[in-house]
Amino acid sequence: MFLKYLVICVFISVPSVNCCSTGFVQYHDKCYFFSHTTASWAQAGATCQQFHTKLAEPRTVGESDFLTSHSQSTGKTYWIGISDILEEHRWIYSSDMGVITVNNFFPGEPTAHTTENCVALYMYHSLHGMWADAACVDDFYFVCEEIRGASNPEVVG
Ligand SMILES: [Ca+2]
């Protein structure tokens, strides 16, 4: 099993890019964990932090498409690390409060103004994993992203 994992890592890795920790899924230089339990947006973020990760912050069209595609494959709705809690309709990443650099809101989304301030890869109402605003207290699955620069000496590439 370990050998199989190692072979997959070598096969899909770009040279010099480390493999992801067990349980994480790799996309280019990012490692994502798709949760198997649900939580509110804030609880989800806290859970990610317990493992030295953060709620996923898609910065490129490719990263965003990967997250949407993976959520389609599981059929679940996932929280990601984008909200407009601080200022209505100003969508920012949680970790650095930067305005989003990619926009994957489903056409017509976001819809709910101040009652829905957190972004999910939304599987309901035929949104197919594209972004929608949702009430931050809702319980959804969530995607954590490994924080780059955090050393992981036990992980071999
Ligand atoms: Ca809002």
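Which exposed residues does α2 carry on the face turned away from its buried side? They are Ala46 and Gln50. Keep in mind throughout that this is a predicted model.

The buried residues of that helix are Trp41, Ala44, Gly45 and Cys48. Around the axis they cover an arc of only 100 degrees, which puts them on the same side of α2. That buried set packs against β3, residues 53-55, as well as β4, β6 and β8. Just after α2 comes histidine 52, with a positive phi of about 55 degrees.

Let me step back to the overall layout. The protein has three helices and eight strands. Read from the N terminus, the order is α-β-β-α-β-α-β-β-β-β-β. There are 157 residues, of which 34% count as buried. If you take contacts between residues at least 6 apart in sequence, 64% of them join residues at least 24 apart.

Now α3, residues 61-74. This helix has 14 residues and reaches 20 Å from its first C-alpha to its last, close to the 20 Å expected at 1.5 Å a residue. Its buried residues are Glu63, Ser64, Leu67, Thr68 and Ser71. Looking down the axis of α3, those residues fall within an arc of 130 degrees, so they line one face of the helix. Val61 and Ser73, on the other side, are exposed. The elements covering the buried residues of α3 include β1 at 25-27, along with β2, β4, β6, β7 and β8. After α3 comes glycine 75, whose phi is positive, near 75 degrees.

Next, the core. The largest nonpolar core has 33 residues. Those with the most contacts inside it are Leu55, Tyr78, Trp79, Ile80, Ala120, Phe142 and Val143. At least two core residues come from each of β2 (30-34), α2 (41-50), β4 (78-83), β6 (118-122), β7 (130-134) and β8 (141-146). The largest share, five residues, is supplied by β6. As a general remark, nonpolar side chains in soluble globular proteins tend to be buried together.

Take valine 143 from that list. Setting aside neighbours within four places in sequence, valine 143 is in contact with Tyr32, Phe33, Phe34, Leu55, Ala56, Leu67, Tyr78 and Ile80.

Why do I call β6 largely enclosed by the rest of the structure? Because five of the five residues of β6 are buried. Cys118, Ala120 and Tyr122 point one way from the strand, Val119 and Leu121 point the other way, and all are buried. In a regular strand, side chains alternate between the two faces of the sheet.

As for the partners of this strand, β4 and β6 run antiparallel and are joined by three bridges. In that pairing, tryptophan 79 stands opposite alanine 120. The pairing of β6 with β7 is also antiparallel, over five bridges. There, tyrosine 122 stands opposite methionine 130.

Threonine 101 sits in the loop between β5, residues 92-93, and β6. Threonine 101 and threonine 60 are 41 residues apart in sequence, while their C-alpha atoms are 6.9 Å apart in space.

That is what I have. Comments are welcome.

Methods
Residues numbered from 1 in each chain as written. Predicted model: local features only at pLDDT ≥ 70, side-chain atom pairs only at ≥ 80, totals over all residues. Helix = DSSP H or I, 4+ residues; strand = E, 2+ residues; numbered from the N terminus. Buried ≥ 20, exposed ≤ 12 C-beta atoms within 10 Å, placed from the backbone. Contact = placed C-beta atoms within 7 Å. Core = buried A, V, L, I, M, F, W, Y, C linked by C-beta atoms within 7 Å. Arc of directions from axis to C-beta. Pairing = 2+ DSSP bridges. Expected span 1.5 Å × (residues − 1).
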